Amino acid sequence: MAIRKVAVMGNPVLRQIAKSVPEKEITKPEIQNLIQDMVQTMFEYDGRGLAAPQIHESLQIVVMIWDFDPQVKPYIKVLINPEITHLTEETSTCWEGCLSLPGLRGKVDRPNKILVEALDAHGKKLKFEAQGFAATVIQHECDHLIGKLYIDRITDLSQFGFNRECSQFLVQGEAVDPE
């Protein structure tokens, strides 16, 4: 296990469409080690989630802290080859940050309820619904797998800036994604 360098905006790996991971490869040491490196890197950089392209691996893997269910102890959720279906036209607005855009934050609207289909770290099929902030985090991380950054989804650039300024002048009481 190792802490990896995080790619920042401008690195071409962040704009590529990531390759899917063949099911038979998921349990192999290379993928399992990559997942562990992603988790370690996410914690080292104080992130909420991390996609493989962010550590220079153009593969469809996402890890995130899953603490959205008060009845379940927080854990690391791994999504491999995720597919997202929007279940509503209703959106939620959130201030998003990203380890690949250090020190910046922007206000993004995303569908409020989604269906997620993916494989977990052991190749087991997952299918679940997420809404609100959980849906935002999943969509943010999965955007990395299709070469998108949250700044591509900002519709009002007056709601984009440096963390220190946004927290002082713009955010004031709104939910903030701590990635």
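# Contacts and strands in a predicted model

Me: At what distance from the ring centre of phenylalanine 162 does arginine 164 lie?
Reply: This is a predicted model, and in it arginine 164 lies over the face of phenylalanine 162. A charge of this kind has to be within 6 Å of the ring centre to count. The value for arginine 164 is 5.3 Å.

Me: Which residue stands opposite phenylalanine 162 of S8?
Reply: Strand S5 covers residues 104–111 and is joined to S8 by three bridges, the two strands running antiparallel. The residue opposite phenylalanine 162 is leucine 104.

Me: In the open sheet of three strands, which are the edge strands?
Reply: The strands come in the order S4-S5-S8, with antiparallel pairing. An edge strand pairs on one side only, and this holds for strand S4 (91–96) and S8. The edge strands are therefore S4 and S8.

Me: Is arginine 48 buried or exposed?
Reply: Arginine 48 forms a salt bridge with aspartate 67, the closest N and O atoms being 3.0 Å apart. Arginine 48 is in the loop between H1 and strand S1 (49–51), and aspartate 67 is in the loop between strand S2 (61–66) and strand S3 (75–86). Aspartate 67 is partly exposed at 36% relative accessibility. The relative accessible area of arginine 48 is 11%, and the limit is under 20%, so arginine 48 is buried.

Me: Which residues do salt bridges that share partners join into one network?
Reply: Arginine 153 forms a salt bridge with aspartate 143, their closest N and O atoms being 2.7 Å apart. The pair links distant parts of the chain, with arginine 153 in the loop between H2 and S8 and aspartate 143 in helix H2. The network that includes this pair is made of Glu96, Arg110, Asp143 and Arg153.

Me: How many of the residues of H2 are buried?
Reply: Among the buried residues of H2 are Gly132, His140 and Asp143. Aspartate 143 has a relative accessible area of 6%. Helix H2 is largely enclosed by the rest of the structure, because the buried count out of its 12 residues is 11.

Me: How far apart are the end C-alpha atoms of H2?
Reply: At 1.5 Å a residue, the 12 residues of H2 should span 16 Å. The model agrees with this, as the end C-alpha atoms of H2 are apart by 17 Å.

Me: Which residues of S2 point the other way from Ile61, Val63 and Ile65?
Reply: Strand S2 is largely enclosed by the rest of the structure, because six of its six residues are buried. Ile61, Val63 and Ile65 point one way from S2. Pointing the other way are Val62, Met64 and Trp66.

Me: What is the bridge partner of valine 62 in S3?
Reply: Strand S2 pairs with S1 in the antiparallel sense over three bridges, and there leucine 50 stands opposite valine 63. S2 is also joined to S3, antiparallel, by six bridges. In S3, the partner of valine 62 is leucine 79.

Me: The rings of tryptophan 66 and phenylalanine 68 are a pair of which kind?
Reply: The structure holds four aromatic pairs. In this one the ring centres of tryptophan 66 and phenylalanine 68 are 4.8 Å apart and the planes stand at 80 degrees. Angles over 60 degrees fall in one class, so the pair of tryptophan 66 and phenylalanine 68 is edge-to-face.

Technical notes:
Residues numbered from 1 in each chain as written. Predicted model: local features only at pLDDT ≥ 70, side-chain atom pairs only at ≥ 80, totals over all residues. Heavy atoms only, no water. Salt bridge = Lys/Arg side-chain N within 4 Å of Asp/Glu carboxyl O. Helix = DSSP H or I, 4+ residues; strand = E, 2+ residues; numbered from the N terminus. Buried < 20%, exposed > 50% of the residue type's maximum accessible area, 1.4 Å probe, protein only. Pairing = 2+ DSSP bridges. Expected span 1.5 Å × (residues − 1). Phe/Tyr/Trp six-rings, centres within 6.5 Å; stacked < 30°, edge-to-face > 60°. Lys NZ or Arg CZ within 6 Å of the ring centre and 35° of its normal.
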